[in-house]
Amino acid sequence: MIRRLILLTLLGAAALADAGAPPAETLKAGVLTPVMAAPALRLTATDGQPLTLGRFRGKVVLVAFGFSNCGEVCPITLATLAGARRKLGAEAARDVQVVYVTVDPERDDAARMRKFLGAFDPTFIGGVGTRAEIDAAQASWGITSVRKMNPDGSYLIGHSSSIYLVDRAGGLRAVMPYGHPADDFVHDLKILLRG
C-alpha cells in the first residue's frame, strides 16, 4: 500500500510541476499528501537500545535501507547524507537523525553496522534484527530486496534505495529517490526543521 501511495504522490508532484504550480517552499523530494504517520520500526539499534521512531520525536529523521557489503549504492547514499548534515552546520544537524536499516541481517549485526555507519558519520544509527524483524520492517516501509547469488557462494542484495523524510512529529512527509545531491537534502531538511 505504501508503495502505491508513494508512486501516486510522485506522479502527482510531477503533474503539478508540469502544470506550472508555484514552487513556494516546496521540497525537492516527492511530497506525500496527506502526511501520514511513518510506519513503525521495531528493531535493535546499533547503540544497543530499541530502535523505534518515537525515540527521535522532535528531530527530522531520514530513514533508508541497505547493507554493509553494498559496493556502490549504500556508500553513495551514506556519503550524501553525511555531506548534507555537514552542510547544515552543527546546530541544525543536531536535530537530524539518520536511521539506516539493514536488509542483510544474516551478515549485519550491531557491531558490523556500527563500524560501517561510523565511517560516514558517528551519529548515524543502524537498525538490525532477526530475518523476520527485518522482513516486517521492509514490508511496512514498502522496501523490496532480492538476494543475487554469485558462483562462489557469496551474494549481493538488490534493494529499494529511496530515502524517507520523517518530520519532527513522526509524519512521513516525503521520499527522496536515490541519486539526489546533498544540496537537495539540505534544502528539504531546512524546510522540515522550520516546520
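Start by selecting threonine 44: across from it in strand 6 stands valine 128. A quick word before we move on: this is a predicted model, where local features need pLDDT of at least 70, side-chain atom pairs count only at pLDDT 80 or more, and totals for chains, interfaces and linings use all residues. Residues are numbered from 1 along each chain as its sequence is written, and side-chain values use heavy atoms, with hydrogens and water left out.

Now widen the selection to strand 2 (residues 43–45), which pairs with strand 6 in the antiparallel sense over two bridges. (Strands are DSSP E runs of at least two residues, helices H or I runs of at least four, numbered from the N terminus; two strands pair if DSSP finds at least two bridges between them.)

Next, pick strand 5 (residues 96–102), which runs parallel to strand 6 with three bridges. Here tyrosine 100 sits opposite glycine 126. Follow the chain from strand 5 through helix 4 (residues 110–118) into strand 6: this β-α-β crossover is right-handed, that is, clockwise from first strand over helix to second with the strands pointing away from you.
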